[in-house]
Amino acid sequence: GIPQIPYQQALGAFAHNYQTIAITGTHGKSSTTAFLAHICIQTGLDPVVLVGANMESLRGKHAQYGKGKYFIVEADEYRNHFLELFPAHAIITTIDFDHPDSFSSLQDTEKAYQEFISQIDPSGYLVISDTEKNKHSSITFPKHTIAVLEKDISDIHVPLPGDHMRMNALLAVTLAEKLGIPRTDAITSLKTFPGLSRRFELLGTFNECDVRSDYGHHPAEITATIAGAREVYPHARIMAVFEAHMPLRLRTFYSDFVTALSLADEIIVVPPFAPMGRDDNGVDFAIRLKNDVLASGKPAEYTEDPTEFLLHLKDNTVALIFSAGNLDAMTRKFVKKG
C-alpha cells in the first residue's frame, strides 16, 4: 500500500516544504552545490542539503537533514528532471549539450533550461557567470539575474584547482550574499571546504605517484580538470586514464574527446561503461579513440585490463582517472592511502 513514484517527483514534492535553492548546469553542479552548502552550514543556516557526490562534512555524506528553512539541492537536467522543482533561487553553472540520449542538440538543451528558469520564483535570484549568460542569446533571463564576472575569481581560494572550480565557488558566494551572508564570511568559510568525492579526489599513491579520480565524462570537464592538474603538478607527467560513460556520449562528442584527452602527456583508454539496457559496449570507438590520440603525437594505449595503467606509473607521473563507471572503484583497491 505504499505509493511508488519516480525519484524526481518525490524530490519535487519534498522541495515544496522549503525555500528551495536549486543548483543546476551541465558541468559543475555537484561542486557548486557543495560549496554553497558548506558556506551555509559554516555560517549557521543549517540547511537541508542533497548533493550528487559524497562530502565528508555532511551528516549523511551526500545529504543532511538540517533544521533551517533552505533546501539546497543539486538539480539534474537529465530527461528534464529539474522541471519538478520550483525554486526560490537558483544557480546555473553552465549550459552545454550533453546527455545525447535525452537531448538532441544544444538548442534542445537550451529549451529545457528556459523552462527551468521560468519556474524560479519571480522575486528570487538566478546566479550565472556573465560569460555563460552571453553564450545563450536564445534564452530569456529573468529580471533578478546576477551575472558574475570571471575576473572576480581572483578573490576566491578553494582546495580544488582550476578556474572552473573558482568560478563555481564564486557563484556560490554570490548567492550566499543574497541570503544575507557577508561576502567575507562566505569566502573565508571556503578555506575549510573538505573536498568532494571523485572531483579531483586524491585516491592515494602507487609507486609513489599520485592517483586522482575525477567524474569528468564530457570533453569540457576533462579539459578543465587537466588544466587544474597542471596548476597542482606543473612539473609532472600527466596520465589520463579514460573510461567513457556510455558509448553514445563517446560517439556524439568523439572529436572533442580526442582533443581533450590529447592535452595529457599519456593516455590510457579502457572499455566504456555502458549502463545496463542503455547502450552497446562501444569498444570499437574506444580503440579508434586510442588510435586518433596516438596520431596526434601523444603516447596512447587501449587495454581491456582497467588497472593496467598502474604499471605505467613511475618517474613523477600523476594519474587522472576519468570515470563515471567501474574504473574508480577498481582503482581504489590498489592505491596506497594516506
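Q: Which residues have the most contacts inside the largest nonpolar core?
A: Phe35, Leu36, Phe242 and Leu289 do, in a core of 96 residues. A nonpolar core is a set of buried Ala, Val, Leu, Ile, Met, Phe, Trp, Tyr and Cys residues joined through side-chain atoms within 4.5 Å. Buried means under 20% relative accessible area, with a 1.4 Å probe and protein chains only. This is a predicted model: local features need pLDDT of at least 70, side-chain atom pairs count only at pLDDT 80 or more, and totals for chains, interfaces and linings use all residues. Residues are numbered from 1 along each chain as its sequence is written, and side-chain values use heavy atoms, leaving out hydrogens and water.

Q: Which helix gives the most to this core?
A: α5 does, with 9 residues. Helices are DSSP runs (H or I, at least four residues), numbered from the N terminus.

Q: What does Leu36 touch?
A: Not counting residues up to four places away in sequence, Leu36 touches Ile21, Ile23, Ile72, Ile91, Ala172, Leu175 and Ala176. Contact means heavy atoms within 4.5 Å.

Q: New topic. Where is Leu179 found?
A: Leu179 sits in the loop between α5 and α6 (183-189).

Q: Buried or exposed?
A: Leu179 is buried, because its relative accessible area is 13%.

Q: And which residues is Leu179 in contact with?
A: Ile21, Cys40, Tyr70 and His89, leaving aside neighbours within four places in sequence.

Q: How many residues apart along the chain are Leu179 and Tyr70?
A: They are 109 residues apart along the chain, and their C-alpha atoms are separated by 9.7 Å.

Note on methods:
Buried < 20%, exposed > 50% of the residue type's maximum accessible area, 1.4 Å probe, protein only. Helix = DSSP H or I, 4+ residues; strand = E, 2+ residues; numbered from the N terminus.
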